[in-house]
Amino acid sequence: MNIASILARKGPKVFTIRPEQSIRAAIASLAEHDIGALVVVDEAGKPIGIISERDIVREAAGNERVFSKAVSEIMTSHVIVGTPQDDLVSVGSTMTEKRIRHLPVVDKGRLIGIVTLGDVVKAQRDQYRGEVDTLQIQIMEEQT
Amino acid sequence: MAQPGTDALPLRVAIIGAGPTGYYAADHLFKRQGLVVAIDMFDRLPTPYGLVRAGVAPDHQKIKSVTTTFDKIAANPNFRFYGCVDFGKDVTLADLRDHYHQILYATGAQTDRRMGIPGEDLRGSHPATEFVAWYNGHPDYRDYQYDLQHEQAAVVGIGNVAIDVARILCRSIDELRTTDIADYALDALRHSRIKEVYLLGRRGPAQAAFTNPEIKEVGEMADADIIVRPEEVQLDDLSRAAVEKSQDRATLKKVEILQGYALRKPTGKSRRLISRYLVSPVELIGNDAGQVMAMRLVKNILIAAPTGALQAKATDQFEELPVGLVFRSVGYRGVPLPGVPFHEKWGVILNEKGRVLDPDSHQPVIGEYTAGWIKRGPSGVIGTNKPDAAETVTCMVEDLARGAILHPSHPEPSAADALIRQRQPNCFSWEDWMRLDKLEVAMGQAVERPRVKFTRVADMLAALNR
């Protein structure tokens, strides 16, 4: 299974923000869409960073004026991106090890979706459940 | 007015496609506490079970036994089957909106992805799915012709479908004769002159998509040796690091099996299954008559993507393989349904968790849902569609609770039944299928096979005296 199989049932929505926008705007967008991170994109729509609720909380802990800061000042700019054909075993282990909760997905440089650690866990859980179910049916069939 | 989903007005659901996903969805709906649901399941074929009948290999009867689970679901008095009814032709989306509160598309991934290389359309080059449907007796493919007079064939891809095709080509007639393979296919394979079947993987052994039982099985064929090149199944540094880190037992075992094959000496069996790794076809080469004669392969190396996934990268080393028959099995995609939003890139119905989305607004289309391969693309085993269907059914029940359903003018089951029978007088009911099933099994018993399949709709009608 690969990233494409997650994106196929997630819908085409991916929420983005520009680097010069404020943290206030980022928080508003996170709350409105009930999500944990926004992909930061340049004029061409190319991902140049990611900003998560955790980035904002970490900044807010020591900075009362966090709201007026620009997204570019807080975002993580070394963003790891995936491609649709990346397999979920590799993706899951990399996200776990590097503590990445949101993985923007690009295809030929274009942002086409975002995958969360929860999405990966769910896809793998469903795969294992399916395998167990299929095996159980076969074993029961052998016993009858 | 009665509330849909109650005894007074059962929730009317149309399921398009009688494959595993359709049954799992029906089961989830029937099992919902406090929900009264009446389901009509449609299939364009007279027979149910989708790929379990027409896809799962005939020498894998144990896997086909999952149909007993589906039969239990179909025995629910609120379940009806309408076989031989084509969505978009015999019944339209407008018809369904007029008779059902909810419509669920579970039509699977019916077509192959193309390789996108020169020569792909030469004579002798085929999609693996069509060959699979052919040997399984699918009525739409039963008249296809495959020239099995060539001595070399190649299967591009190393998923379970690819390995099924390679195995069927390598099986002896004695091994096949005890299966429910279509009669005409058994006859064609009896006269096959194929000696060598190449199974071509673009990545290495650790990334092979086939499962361990399948690769183990091809090492135990009656009259075909498995050949693996030692240098192609030695793990490269990236794969070794990934395997050592994950300690994934299935992958370790897979590599161990393949390295074991590499040590085997050919025992002189009639056929050879040659399993190759780190190669990709770049061109099919034909003769003047437009028939495939050879395949040009490029050698690949593996590179790591930022996510750690290992991907194939072509080198500048090429080789030529003489082959007269090519089957591509490099992925599957769904076929768009008339009037249903489709995502071309993924080859699936445009959806979010199974709710069909409007292509412009990206808002859910009321009353329309999808599940299975046409929802998420082809992945997993048969059972993977069970949790997938559960996700969709959860959306359906949520939408019912907040009243976001269709309001058909004719929700009574008799109205739908009358319309369908008028549009397709030859439609098959579940009782028709049960009779057909008994006949197939009886014909099989006479010749010590699990069943002998009817492969023409006309023959199925005649068998039921219709």
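This is a predicted model: local features need pLDDT of at least 70, side-chain atom pairs count only at pLDDT 80 or more; totals for chains, interfaces and linings use all residues.
Chain B is divided into two domains. Domain 1 covers residues 11–110 + 334–428, and domain 2 covers 113–125 + 146–170 + 192–331. The C-alpha centres of domain 1 of chain B and domain 2 of chain B lie 35 Å apart.

The largest nonpolar core contains 156 residues. Within this core, Ile15(B), Val155(B) and Val165(B) touch the most other members. Helix α7 of chain B, residues 160–170, gives the largest share, eight residues. Both domain 1 and domain 2 of chain B give residues to the core, so the core lies between them. In soluble globular proteins, nonpolar side chains tend to be buried together.

Two residues show the surroundings within chain B. Ala166(B) has 29 C-beta neighbours inside 10 Å, and a residue with 20 or more is buried, so Ala166(B) counts as buried. Glu196(B) is 30 residues from Ala166(B) in sequence, yet the two lie 9.6 Å apart in space, C-alpha to C-alpha.

Helix α1 of chain B spans residues 20–30. Of its 11 residues, 10 are buried, so the helix is largely enclosed by the rest of the structure. Pro20(B), Thr21(B), Gly22(B), Tyr23(B) and Tyr24(B) are among the buried residues of α1(B). Also buried in α1(B) are Ala25(B), Ala26(B), Asp27(B), His28(B) and Leu29(B).

Strand β20 of chain B, residues 364–370, is mostly covered, with five of its seven residues buried. Strand β4(B), residues 102–105, pairs with β20(B) in the parallel sense over three bridges. Ile103(B) has Glu368(B) of β20(B) as its bridge partner. Strand β19(B), residues 355–357, also pairs with β20(B), here in the antiparallel sense over two bridges. Arg355(B) has Tyr369(B) of β20(B) as its bridge partner. β19(B) and β20(B) form a hairpin with six residues between the strands. His362(B) in this hairpin takes a positive phi near 60°.

Elsewhere in chain B, three strands form an open sheet in the order β11-β12-β13. The pairing is antiparallel. β11(B), residues 279–286, and β13(B), residues 310–322, stand at the edges. Each has a single partner strand, so one side of each is left without a neighbour in the sheet. Neighbouring strands of this sheet are turned by 20° against each other on average, direction ignored. Strand β12(B), residues 292–304, is joined to β13(B) by 10 bridges. Across this pair, Ala304(B) stands opposite Leu310(B), and Ile301(B) has Lys313(B) as its bridge partner. β12(B) and β13(B) form a hairpin with five residues between them. In the turn, Gly308(B) has a positive phi of about 95°.

Chain A also holds an open sheet of three strands. The order is β1-β2-β3, and the pairing is mixed. β1(A), residues 16–17, and β3(A), residues 47–52, stand at the edges. Each has a single partner strand, so one side of each is left without a neighbour in the sheet. β1(A) pairs with β2(A), residues 37–41, in the parallel sense over two bridges. Thr16(A) has Val39(A) of β2(A) as its bridge partner.

The contact between the chains takes 33 residues from chain A and 34 residues from chain B. On the side of chain A that touches chain B, α1(A) (3–7), α5(A) (88–97) and α6(A) (117–143) each supply at least two residues. The largest share, 10 residues, comes from α6(A). By class, this side of chain A has 11 nonpolar, 12 polar and 10 charged residues.

How values were computed: Residues are numbered from 1 along each chain as its sequence is written. Chains are lettered from A and ligands numbered from 1 in the order in which they are written. A nonpolar core is a set of buried Ala, Val, Leu, Ile, Met, Phe, Trp, Tyr and Cys residues joined through C-beta atoms within 7 Å. A residue is buried if 20 or more other C-beta atoms lie within 10 Å of its own, exposed if 12 or fewer, and partly exposed in between; C-beta atoms are placed from the backbone. Helices (H or I, at least four residues) and strands (E, at least two) are DSSP runs, numbered from the N terminus. Domain bounds come from an automatic or database domain assignment. Two residues are in contact if their C-beta atoms, placed from the backbone, lie within 7 Å. Ala, Val, Leu, Ile, Met, Phe, Trp, Tyr, Cys and Pro count as nonpolar, Asp, Glu, Lys and Arg as charged, and the others, Gly among them, as polar. Two strands pair if DSSP finds at least two bridges between them. Axes are lines fitted to C-alpha atoms, for helices over the stretch in contact, and angles run from 0 to 180 degrees between N-to-C directions.
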